[in-house]
Amino acid sequence: MIPFLDLKAQYAKIKPEIDAAVERVIGSANFVLGPEVTAFEERFAEYCRTSHCRAVNSGTSALHLALLAAGIGAGDEVITVSMTFVATTAAILYSGAKPVFVDVDPDTWTMNPALIEAAITPRTKAIMPVHLHGLMADMDPIMSIARRHGLVVIEDAAQAHGAEYKGRRAGSIGDLGCFSFYPGKNLGAFGEGGAVVTDQPDLVRRVSLLRDWGQEAKYKHVVAGYNYRMDGIQGAVLNVKMNHIESWTDARRSLAERYDTLLSDIQLACPQPPWYSRHVYHVYAVRLSRRDDALRSLRDAGIDVGIHYPVPVHLQKAYAELGYQPGDLPVTEMLANQLLSLPIYPELLPEQVAEVVSTLKRVAPLEFARDLHGERDQIPAGPINRRAS
Ligand SMILES: *Cc1c(COP(=O)(O)O)cnc(C)c1O
């Protein structure tokens, strides 16, 4: 039995540190914000190589506040992707703006920059790329299009703690970067959590106000804000985990390399990170032509796998009013049908990776290459360079 994720194994390894930190918060009664949260903010800003960080109560709140801080609201449009968790779209709708989806690149599965300009209208105010599975979107063309058109860029880095693009960290390239510390993310709290990072003093000031009821001083509310503050216990837990994030990321990357090697005979099925990216493998997904059969067979064989995500946001019933139809985003829809996420977490053993791959090859022997090659021919090649080799 190989689980998809094992949070208990991680806690077992750091229990004394975590328990002491949680007791410290309880003993000091700093339950909301407070010194542990401030210490975490300083550390996380440094980790992202940004000047500022503000911790909030979820990744969704982080996205919502980033949009509000950037002045985005009713009547505005935000260009984003449908190949993501629904929170990206939900946050745009919370702000009052309208999400406009562009398709993703067939190799990297992130926003296809070649499609952005056709989606820009006089109402467009921002671009929100998603660093899916821990691989950063192609930020250089996204930033140059944004600058040319005067648009704000907000990175959804909820899956990409410590990921890099040409040596720059996730969250540090756009005007604002948003992170989630949901327990299963690469950096996970013991409950909900999130953060906004930025280099711009005016934006961090607005995020600070908006997350805490718009209070400039106690009971002096200068803007209509929210209760989006981070708990003290989450700040303390995250501070402890910051001691380990780099080694955990290294472990994920070496497990991914093991998957890449064992799957190299069916290379097109694997993720294709461009040469300049540091992928942090929140998810390791492969493409399979008969994905749902493979999923059932793997689960029957005791290997827990997942799908991120089986129905793209633009085809979800909840967002039908946005007016999208099947066929509108062909690459996103193809990937939703083909991607299968294999177990990956720092405590997973290399032998377990080998077992996942051998089981996959046994239960789905012909599912990879042949059909995929055929289908790939009908999909325009992505604009992004392949891995240098
Ligand atoms: C997890 C996630 C979010 C939302 O974060 P929460 O902390 O769950 O609110 C947003 N975007 C993406 C891409 C995510 O994976």
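Is S58 buried or exposed?

1. S58 is buried, with a relative accessible area of 13%; buried means under 20% relative accessible area, exposed over 50%, and partly exposed in between, for a 1.4 Å probe and protein chains only. The model is predicted, so local features need pLDDT of at least 70, side-chain atom pairs count only at pLDDT 80 or more, and totals for chains, interfaces and linings use all residues. Residues are numbered from 1 along each chain as its sequence is written, and side-chain values use heavy atoms, without hydrogens and water.

2. The loop between β1 (52-56) and α3 (59-69) holds S58. Helices (H or I, at least four residues) and strands (E, at least two) are DSSP runs, numbered from the N terminus.

3. The side chain of S58 reaches the backbone nitrogen of S61 at 2.9 Å. A polar atom of that side chain also lies 3.3 Å from the backbone nitrogen of T60.

4. Leaving aside residues up to four places away in sequence, S58 touches E192, G193 and G194, where contact means heavy atoms within 4.5 Å. On the same terms, the residues that F181 touches include F40, F44, G193 and G194.

5. F181 is also among the residues with the most contacts inside the largest nonpolar core, which has 57 residues. Such a core is a set of buried Ala, Val, Leu, Ile, Met, Phe, Trp, Tyr and Cys residues joined through side-chain atoms within 4.5 Å. Its largest share, 6 residues, comes from helix α2 (residues 35-48).

6. A second, separate core has 26 residues, including V286 and I344.

Methods. Polar contact = N/O pair within 3.5 Å; in protein donor to acceptor, adjacent residues only side chain to side chain.
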